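Subject: Structure handover, with pockets, cavities and helix packing

Hello,

Here is the structure for your set. My notes follow below it.

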Amino acid sequence: MVKSYDAEYFEPKATLECGQVFRYEKVGEQDYIIHSADKIARVFSKGDATIVDSDFPEYFSEYFDTETDYETICRRLSAFEELQECVKTGRGIRILKQNFDETVLSFIISANNNIPRIKGIIERLCENFGKDCGDYKAFPTTDELKDVAVETYRNLGCGFRDRYLAETVKALRETDIKQRILQSDTPTACKLLCSLSGIGPKVADCIALFGMSRTDCYPVDTWIFKSNKSQVLDTPAKVRKYYLDRYGADAGYAQQYLFYKAR
């Protein structure tokens, strides 16, 4: 099924190449194949429209957050002088609503890593353990990963993240941590995420923002810290607190506009 959206507030490149997702393939200018869990879609621009073509229209409508009014969000954030150029540059970004388990494992893989290498590790993980969906492999579920050994993750190129992945898969399968995270308010959810192996404050914020739609998060990576730091805001924690207080429930949108402009 094909659905069409206003390209001004839904640009494929801005949405997919801003660091919030890794399982996509660029097949043309503003033309991408997206995989999420065991689903697939093509998203591309055509004139003033962005087209999403998929056999899973409801799933990808939620995935691309198509019901949210981004024009109003952009207007609110443009009231902050420091964000005006960022919003103008990045207003085509939509914050994705991704599969929770996939987001957790993908962002553990992302730690101290670069995007081509992250994408390669994820594809090898899918190829080896994901369900066969015909032309592609699904992202493996935690049940499908339950018997994967630390050494196997290492052989896939995960490096020091091998133990983190094995331990987090076990925790997600065998404890109630996932339910507790999903049912908690955002500060509590981020603290619980940090109790999982391989997850620190920045990765927890990324998971909450991109895998739980918690826009009251402000992930502070190298780019954001460089853009926001000052004599007073001289640590990532101080930057995070200041801008969470400043932007409130829109902090996650602000972070993405700033990140896209900074890069």
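At what angle do α5 and helix α8 pack, and how far apart are their axes? The angle is about 160°, and the axes are 9 Å apart. (Axes are lines fitted to C-alpha atoms, for helices over the stretch in contact; angles run from 0 to 180 degrees between N-to-C directions.) Helix α8 covers residues 161-174.

First, the ground rules. This is a predicted model, in which local features need pLDDT of at least 70, side-chain atom pairs count only at pLDDT 80 or more, and totals for chains, interfaces and linings use all residues. Residues are numbered from 1 along each chain as its sequence is written, and side-chain values use heavy atoms, with hydrogens and water left out. Helices (H or I, at least four residues) and strands (E, at least two) are DSSP runs, numbered from the N terminus.

**Helix packing**

Back to the first pair. α5 and α8 are therefore roughly antiparallel. (Angles under 35 degrees count as roughly parallel, over 145 as roughly antiparallel, 65 to 115 as roughly perpendicular and the rest as oblique.) Their crossing is right-handed. (Ala, Val, Leu, Ile, Met, Phe, Trp, Tyr, Cys and Pro count as nonpolar; Asp, Glu, Lys and Arg as charged; the others, Gly among them, as polar.)

α5 also packs on α11, at about 150° with axes 9 Å apart. That makes this pair roughly antiparallel. The crossing is right-handed. From α5 come Phe100, Thr103, Val104 and Phe107. They meet Val203, Cys206, Ile207, Phe210, Gly211 and Met212 of α11. The contact of α5 with α11 has eight nonpolar, two polar and no charged residues.

α11 has another partner, α10. Their angle is about 120°, with the axes 9 Å apart. That makes α10 oblique to α11. This crossing is right-handed. Ala189, Cys190 and Leu193 of α10 touch Ala204, Asp205, Ile207, Ala208 and Met212 of α11. Seven of these residues are nonpolar, none polar and one charged.

**Pockets**

Next, the open space. On a 1 Å grid over the protein atoms alone, a pocket is an open set of points with protein on both sides within 12 Å along at least five of seven lines; a cavity is a set where a 1.4 Å probe fits but cannot get out; lining residues have an atom within 4 Å of a point. Points are joined across faces, edges and corners, and a volume is the space filled by probe spheres set on them.

The largest pocket has a volume of about 500 Å³. It has 26 lining residues, and Ser110, Asn113, Lys202, Asp221 and Phe259 are the closest to its centre. Which helix gives the most to this lining? α11 does, with four residues. Helices that supply at least two include α5 (100-110), α6 (115-129) and α14 (251-262). By class, the lining has 12 nonpolar, 11 polar and three charged residues.

The second largest pocket holds about 310 Å³. Of its 15 lining residues, Cys190, Pro201, Asp205, Arg240 and Leu244 are the closest to the centre. α10 (186-193), α11 and α13 (236-247) each give two or more. This lining has nine nonpolar, one polar and five charged residues.

**Cavities**

How many cavities of 30 Å³ or more does the whole structure have? The search finds two.

The largest cavity has about 80 Å³ of space. Its lining includes Val21, Arg23, His35, Tyr63, Glu102 and Phe107. α5 gives the largest share, four residues. β3 (31-36) also gives two or more. The classes are five nonpolar, five polar and two charged.

The second largest cavity has a volume of about 30 Å³. Met1, Lys3, Tyr5, Val52, Ser54, Pro57, Phe60 and Ser61 line it. α2 gives the most, with three residues. Five of the lining residues are nonpolar, two polar and one charged.

Best wishes

Definitions and conventions: A crossing is left-handed if the near helix is turned anticlockwise from the far one by less than a right angle, and right-handed if clockwise. Contact means heavy atoms within 4.5 Å.
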